[in-house]
Amino acid sequence: MESITIAAYGKINLSLDVLCKRSDGYHEIETVMKSIDLKDTLILTKQREGITIECDNPLVPLDSTNLVYKAYSILSDIYNIKKGVHIKIHKNIPVAAGLAGGSSNAAATLIGLNELWGLKLSKEELMKIGVQIGADVPFCIMGGTALAKGIGEKLKTINSTSEHLVLLAKPDIEVSTKDVYNSLNIADIGTRPDMKKMLKAIEDNDLHRISDNMVNVLEEVTAKKHSQIQYLKSEMIKWGAVGSLMSGSGPTVFGLFQNEKELLQCKSNLEGKVPTLIITKTI
């Protein structure tokens with residue numbers, strides 16, 4: 001096998017709570033993550049040595065700051081692999097959007113190299129390596145729906161066969177995940193998510209109860225700095241979304257919809273008000 005193509009799916013956070021800041025600087029979180037049918041495509045091709053990265057989005061770095069590069073470096077170091085790889089990334093997931101675009105690409109790289117190099121590592125082994133790259137990487141390897149604890153690496157699969165229509169709206173603002181977490185005053189968090197209620201709502205496939213229990217405590221930071229967040233949430237609800245929330249540290253806001261007619265109506269009314277609008281679904 002000289003080349004392999006891997007799909008890298010994005011995610012949304014149906015709820016996100018921050019419990020405390022650890023001594024190592026990371027934050028303990030509790031979040032429900034769900035894969036969405038918005039994906040990048042990575043083509044991994046063998047080459048003699050080193051790694052080269054190619055991407056059709058100019059915002060994506062092609063050097064060692066790319067998580068794809070880090071995935072290659074860590075895996076090749078652990079197993080003393082001297083082989084090289086060229087990775088071509090076709091981007092559909094917006095960059096720096098709170099949708100795990102970089103993490104999903106790193107996950108796809110680990111999965112692809114595992115095949116390309118014949119390492120025969122299990123999904124669990126890949127996930128343990130993935131957490132060294134980024135907190136969302138293990139979930140992106142696993143996919144589906146999960147309750148994540150720790151820094152995001154302690155995952156429990158949630159049984160969910162539901163597919164819900166999703167509208168993504170990404171305003172033209174830059175958000176630093178590190179800055180958002182460090183700016184959060186944990187002692188002053190107002191409303192926290194009720195994870196038990198959320199998990200029961202997902203298991204019952206009750207879209208209204210899922211929506212009623214969607215809380216992201218990081219909105220207290222991002223929405224305070226950027227009024228577009230709350231505006232987009234309000235517009236989503238106004239034009240038919242059952243529920244709306246900011247994903248991750250932002251800035252993307254998503255809406256969950258019961259039918260396509262309302263989703264298309266909402267998208268139409270947001271055209272021109274936000275630069276990036278994407279229709280997808282949960283998977």
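Me: Is S244 buried or exposed?
Reply: This is a predicted model, in which local features need pLDDT of at least 70 and side-chain atom pairs count only at pLDDT 80 or more, while totals for chains, interfaces and linings use all residues. Residues are numbered from 1 along each chain as its sequence is written, and side-chain values use heavy atoms, with hydrogens and water left out. Buried means under 20% relative accessible area, exposed over 50% and partly exposed in between, with a 1.4 Å probe and protein chains only. Because the relative accessible area of S244 is 9%, S244 is buried.

Me: How many disulfides does a search of the whole structure find?
Reply: A disulfide is a covalent bond between the sulfur atoms of two cysteines, and the search takes a pair of cysteine sulfur atoms within 2.5 Å as one. C20 counts as partly exposed at 33% relative accessibility, whereas C266 counts as buried at 0%. The number of disulfides found in the whole structure is zero.

Me: How many of the 16 residues of helix 2 are buried?
Reply: Helix 2 covers residues 101-116 and reaches 22 Å from its first C-alpha to its last, close to the 22 Å expected at 1.5 Å a residue, a span taken as 1.5 Å times one less than the number of residues. Just after helix 2, G118 takes a positive phi of about 60 degrees. Helix 2 is mostly covered, and its count of buried residues is 13.

Me: What is the radius of gyration of the protein?
Reply: The protein has ten helices and ten strands. Its radius of gyration, taken over C-alpha atoms, is set against a globule rule of 2.2 Å times the number of residues to the power 0.38. For 283 residues that rule gives 19 Å, and the protein comes close to this, so it is as compact as a globular protein of that length, with a radius of gyration of 19 Å.

Definitions and conventions:
Helix = DSSP H or I, 4+ residues; strand = E, 2+ residues; numbered from the N terminus.
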